[in-house]
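Look over the sequence and structure first.

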Amino acid sequence: MRFTSRTLLILVISMTIWTTGTASRAADATADEVSVAATEAAINEAIEQKDLAALDRLWADEYTFVNPYGQLQTKADRLRLLQSGELKVEAISYDQIATRIYGDTAVVVARSTVHGSRVQDDISSQRRVTSVFVRRNGHWQVVAQQSTIIVSKR
């Protein structure tokens with residue numbers, strides 16, 4: 001196959017555009033992952049501090065949570081539990097985090113370690129949590145979460 005100088009020039013320009021576009025998309029994904037992680041950390045801090053105003057901003061109006069017992073809770077339900085003191089979370093942390101970005105949607109799967117109580121029951125445990133984020137007006141909000149207690153293998 002014989003290349004003319006014009007063909008070579010088009011090939012070089014195409015490769016430059018393609019690699020620049022790929023690098024740009026990779027950088028965007030990394031920036032998005034950092035932004036989602038910051039939002040997740042802000043949510044955890046707001047839960048620990050019982051900062052209902054922050055949670056109201058960080059959880060979307062249609063937010064739903066499936067707790068470790070399979071109960072479906074709305075944003076209003078979770079805010080009420082925290083406000084009333086029925087749910088107390090002293091500490092929450094995440095590790096083993098896997099984040100996938102799909103445009104303006106992100107899915108995060110992580111292990112959480114929770115120390116807290118609901119009414120008088122100790123709810124401290126390790127859990128596998130799946131969170132779905134949506135970017136709206138440049139900010140990430142959680143629209144859905146599901147939490148499952150990790151049971152030790154027997």
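By the grid rule below, the count is one cavity of 30 Å³ or more. A cavity is a set of points, on a 1 Å grid over the protein atoms alone, where a 1.4 Å probe fits but cannot get out. The model is predicted: local features need pLDDT of at least 70, side-chain atom pairs count only at pLDDT 80 or more, and totals for chains, interfaces and linings use all residues. Residues are numbered from 1 along each chain as its sequence is written, and side-chain values use heavy atoms, without hydrogens and water.

**Cavity**
- The largest cavity holds about 290 Å³ of space; this volume is the space filled by probe spheres set on the points, which are joined across faces, edges and corners.
- Its lining has 23 residues (each with an atom within 4 Å of a point).
- Phe 65, Pro 68, Arg 78, Leu 87 and Arg 127 lie nearest the centre of the largest cavity.
- Helices H1 (5-49) and H3 (75-84) and strands S3 (87-102), S4 (105-118), S6 (125-136) and S7 (139-149) each give two or more residues to this lining.
- Helices (H or I, at least four residues) and strands (E, at least two) are DSSP runs, numbered from the N terminus.
- The lining divides into 13 nonpolar, six polar and four charged residues. Asp, Glu, Lys and Arg count as charged; Ala, Val, Leu, Ile, Met, Phe, Trp, Tyr, Cys and Pro as nonpolar; the others, Gly among them, as polar.

**Strand pairing**
- Strands pair if DSSP finds at least two bridges between them.
- S6 and S7 run antiparallel, joined by 10 bridges.
- Val 134 has Gln 141 in S7 as its bridge partner.
- S1 (residues 59-66) and S7 run parallel, with four bridges.
- Opposite Val 66 stands Gln 146 in S7.

How values were computed. On a 1 Å grid over the protein atoms alone, a cavity is a set of points where a 1.4 Å probe fits but cannot get out, and a pocket is an open set with protein on both sides within 12 Å along at least five of seven lines; lining residues have an atom within 4 Å of a point.
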